[in-house]
Amino acid sequence: MRSFVRAGIVLLVGVAACNKDSSAPVDFANPAAVSSNLSSVDSAFDSDVFRSFNTATFMLDAAAPSALRPAGTVLATLQPKLERAGGQIYLPGLRQARRMEALAPQLSVAAQQGAIIPDSLYGRVFVWNDTIDQYVFRGTTVSNLNGVRFLLYAVDLVGAVVEPVVQIGTLDIIDESTQSSLKLHVLVRNTAGTTTYVDYTAEVLANQATASGSITNGRAAPNNKTLSFVETLTATQTGARLTATFALNDPSITVMLNESVSIDQPNLIINADFRVIRNNQTVRTVGRIIVNLTTQEVLVDIDVYLDGHPVASITGDPSLPGTLWVDAGGNPLTIEDIDALDDLFAGLQRFDEAVSGLFSPVGTLANL
């Protein structure tokens, strides 16, 4: 999803270039520019340390009472169908929401325990074991740490830890829980501890989890890119909703997300609304996906807007040849416009993947 923001910047420029009246549909004015100008918001995630942190957030089981990894087998099976309609943008957040939904009955119990990390684990340092490809505790501790530390290592292009390992940073997960809520403070720094790349708190209260803080590329001005964010995940026994706002410092860009998942047997229903706002202009993607969990049939209804003007839409079963992306007039999109949409959705998915691990520390270590 991170490159989606950059695509949005280019698309907004395209809207201005079209110079059409406010009631008219618009097209992508310069689809090729989507690829060549994807640069702005990506920079907030552009550090080896953040990429390593993003990998580590799904491998924290070593410090948890029991192992529990994110689910999503059915959704992964359906990914080829969803990709044809741009629906892959919903997968990272959806897998997380489905996991939280399934565990909703435990949330209220966990929120009453008054602590996430047992004090017997305080100060433990978890390191990478290249024999079993997992984090393990080998006896090293640090003093005055009310939590645990994971060493971060260089990762490859797909996020796998490179072996032999090279340490590039640390992930400290500090327990700040009270009797009324579960709360973790997450800090990611370089190995020397001189630069902070990630700094946020994640809190669970009854059936709701909230994360707020910042992510940065760690560079000095004028090359500093920092995203400030607030993200809330609400889960019940029948569904889950994720809302989030991310604000980039330079240039000033706001990304807003609103995703929900619910069950109406045998269907899994996904609704999502993504918006990118810059200079009071908005790129918006609105989607509804219905997945039959029995037959694995998929129905999609996705629309893309530029400043409220319809640009592109797709409706129906994306696996059928006749289900095509069309413009506001109902005509099939050009190859150039489809390429622009591919960049849009691929970027949106990457951003969602980059931020989908923010709740993992509190979820995993609270044994949720």
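Me: Before we start, what does "buried" mean here?
Reply: Buried means under 20% relative accessible area, and exposed means over 50%, with partly exposed in between. Keep in mind that this is a predicted model.

Me: OK, why is V188 called buried?
Reply: V188 has a relative accessibility of 0%, and the cut-off is under 20%, so V188 counts as buried.

Me: Where does V188 sit, and which residues is V188 in contact with?
Reply: V188 is in strand β5, residues 182-190. Setting aside neighbours within four places in sequence, V188 is in contact with V49, F53, L152, T170, L171, T195, T196, Y197 and V198. As for V198, its C-alpha atom is 4.9 Å from that of V188, although the two are ten residues apart along the chain.

Me: F53 is in that list. What makes F53 stand out in the largest nonpolar core?
Reply: That core has 79 residues, and F53 and L171 are the ones with the most contacts inside it. Not counting residues up to four places away in sequence, F53 touches L152, L171, V186, V188, V198, Y200 and L358.

Me: Is T216 buried or exposed, and how do you know?
Reply: Its relative accessible area is 9%. The limit for buried is under 20%, so T216 is buried. T216 is in strand β7, residues 208-216.

Me: What makes the pair T216 and G218 a polar contact?
Reply: A polar atom of the T216 side chain lies 3.2 Å from the backbone nitrogen of G218. The cut-off for such N or O pairs is within 3.5 Å.

Me: Why is D133 called partly exposed?
Reply: D133 has a relative accessible area of 39%. D133 sits in the loop between β1 and β2.

Me: What makes the phi values of D133 and D307 worth a look?
Reply: Most residues other than glycine have a negative phi. D133 has a positive phi of about 55° without being a glycine, and D307 has a positive phi of about 50°, again without being a glycine.

Terms used. Residues numbered from 1 in each chain as written. Predicted model: local features only at pLDDT ≥ 70, side-chain atom pairs only at ≥ 80, totals over all residues. Heavy atoms only, no water. Helix = DSSP H or I, 4+ residues; strand = E, 2+ residues; numbered from the N terminus. Buried < 20%, exposed > 50% of the residue type's maximum accessible area, 1.4 Å probe, protein only. Contact = heavy atoms within 4.5 Å. Core = buried A, V, L, I, M, F, W, Y, C linked by side-chain atoms within 4.5 Å. Polar contact = N/O pair within 3.5 Å; in protein donor to acceptor, adjacent residues only side chain to side chain.
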